[in-house]
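Hi everyone, thanks for coming. Have a look at the sequence and the model on the screen, and I'll talk you through a few spots in it.

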Amino acid sequence: MAQPVAVYTDAAEEHLATRRACGLFDFSFMGHFEVAGASARAFLDRLQTRNLSALAPGRIAYALLLRPDGTVFIDATVWCLANDRYWLFTGRPSDFAFVAEAAGEAGVALSDLSGANAVLAVQGPESARVLERHLGAVPGVRFFGFCELVIAGVPVTIGRLGYSGELGYELIVPVDAAGAIWRELATDARECGFDAANSLRIESGYILFANELSRPVNPFELGLERLVSFGGRAFNGSEALHALRWLGPERRLVGLEGFAHRAPSTLDGLSRVEVTSWIRSPTFGRELALGFAPAEAAAPGTLVSASEREVGRICRLPFYDPGRVLPRGSP
C-alpha cells in the first residue's frame, strides 16, 4: 500500500465514517500487472510464497514476494482470471521491474497495466448496500473472491477485500470511466484519503511496505508464516526460509499501546522496540503503534522502551476486532 496524494476533509472523521458506514478510497497508485500464458501459474508459483494449485478462477490469494535471502520485497495479491491468466497487484508500479526480471525465460506474457485501470475501494459495513444502490450490483462473492460485471456498458471487476478490517470491496475499472463511478459512489460514501486508510490499517494490524518493510524482514518476523506454503515447493527465497524455519525469529511484529513518558533512568532493563507505524486512534481515542520487539519481549502485556523517554506495552493484534474475538481493553 502506497500513499495517495488526495486529501479530502478531516482524516479522523473519514476514519470513523468508514467504521460506521462507508468510506471511498482511490487506490489507483498500486502496481497492476498481468501474467498470461500456459506457464503463467508455474511462473507465479516460483515468484511468490503461496501454492496456487487450488486458486480457482474468481479467487484471490494474499502473498509475499521475497528476495533470495528470504526477506520480503513486497506483499501482493494474486487474482486468478483463468488457469492461464492472472493479475498481480503490488504497492508500487515500479515493482514491475522486479517481476519482469524474475520472469526471464519463463515463457509468459507479462503486461504492465498500472495506470490503465483505476482501483476504487469502498470499505465499511454499508459498502455492499452502497454498491447495490448506485451500481445495481451486489457482488455475491466470498472474502478474497471477485466477479467480473458489465455496468452501464463498463467492464468492472469487483473483489471483496481491503485494509480496513470492515466489509469492503475493490473495483477495477477502466481509467476513463473511473471519474463517473467515483462521483456516483461519493454521493453515498465518504471520500477518504491516505491518512484515514493508514489509521484503519494500523488498527486492523496490517503492514504497509513503506513502514513495516522499510528494513529487511522475513515472513516469520512479520507473523505472516501462514502465507508461506513449503510442501516441497521451490520459490524465490525458499532455500533461505527453510534454514530459518525452525530457528524461531529474533524479533516479532507487535502492537503497542499504553505509552507514557518516563525518566531515562527508569527504562533501564526494558527491551527496546523499533516503532514502524504510529497513530492517535480515532476509534479508541488513544495512541497505537506497530513495531518490532525482540522475540523474548514480544508477549502481550510486556513493558518495553519505545524511545529514550517513552515506555509502551505490548498488546495483541489486531487492535480493532469487530468480531470481538479478543476482549476489549485487554493487552
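Some ground rules. What we have is a predicted model, where local features need pLDDT of at least 70 and side-chain atom pairs count only at pLDDT 80 or more, while totals for chains, interfaces and linings use all residues. Residues are numbered from 1 along each chain as its sequence is written, and side-chain values use heavy atoms, with hydrogens and water left out.

Okay, the overall picture. The protein has 8 helices and 16 strands; these are DSSP runs numbered from the N terminus, with at least four residues of H or I for a helix and at least two of E for a strand. Its radius of gyration is 21 Å, close to the 20 Å from the globule rule for 331 residues, so the protein is as compact as a globular protein of that length. That radius is taken over C-alpha atoms, and the rule is 2.2 Å times the number of residues to the power 0.38. The C-alpha trace spans about 65 × 50 × 30 Å along the principal axes. Of the 331 residues, 52% count as buried, meaning under 20% relative accessible area, with exposed over 50% and partly exposed in between (1.4 Å probe, protein chains only).

Now, which strands does strand 12 pair with? Strand 12 (residues 251–261) pairs with strand 14 (residues 287–294) in the antiparallel sense over 6 bridges. It also pairs with strand 16 (residues 310–315), again antiparallel, over 5 bridges. Pairing here needs at least two DSSP bridges between the strands. For example, Arg252 has Ala293 in strand 14 as its bridge partner, and Ala260 has Val311 in strand 16.

On to the inside. A nonpolar core is a set of buried Ala, Val, Leu, Ile, Met, Phe, Trp, Tyr and Cys residues joined through side-chain atoms within 4.5 Å. The largest one has 48 residues, and Phe43, Leu44, Leu47 and Leu222 touch the most other members. Strand 4 (residues 72–82) gives the most to this core, with 6 residues. There's also a second, separate core of 25 residues, including Cys22 and Val154.

Is Glu221 buried or exposed? Glu221 is buried, at 10% relative accessible area, and it is found in helix 7 (residues 219–222). Its side chain makes a polar contact with the side chain of Arg251, at 3.4 Å. A polar contact is a pair of N or O atoms within 3.5 Å; within protein, one must be able to donate a hydrogen and the other to accept it, and residues adjacent in sequence count only if both atoms are side-chain atoms.

Next, Ser204 is in the loop between helix 6 (194–203) and helix 7. Ser204 is buried too, with 9% relative accessible area. A polar atom of its side chain lies 3.0 Å from the backbone oxygen of Leu200, and one lies 3.4 Å from the backbone nitrogen of Gly165.

Last one: Leu24, in strand 1 (residues 23–26). Leu24 counts as buried because its relative accessibility is 0%. Leaving out residues up to four places away in sequence, Leu24 touches, among others, Ala121, Trp182 and Cys192, where contact means heavy atoms within 4.5 Å.

That's my tour, thanks!
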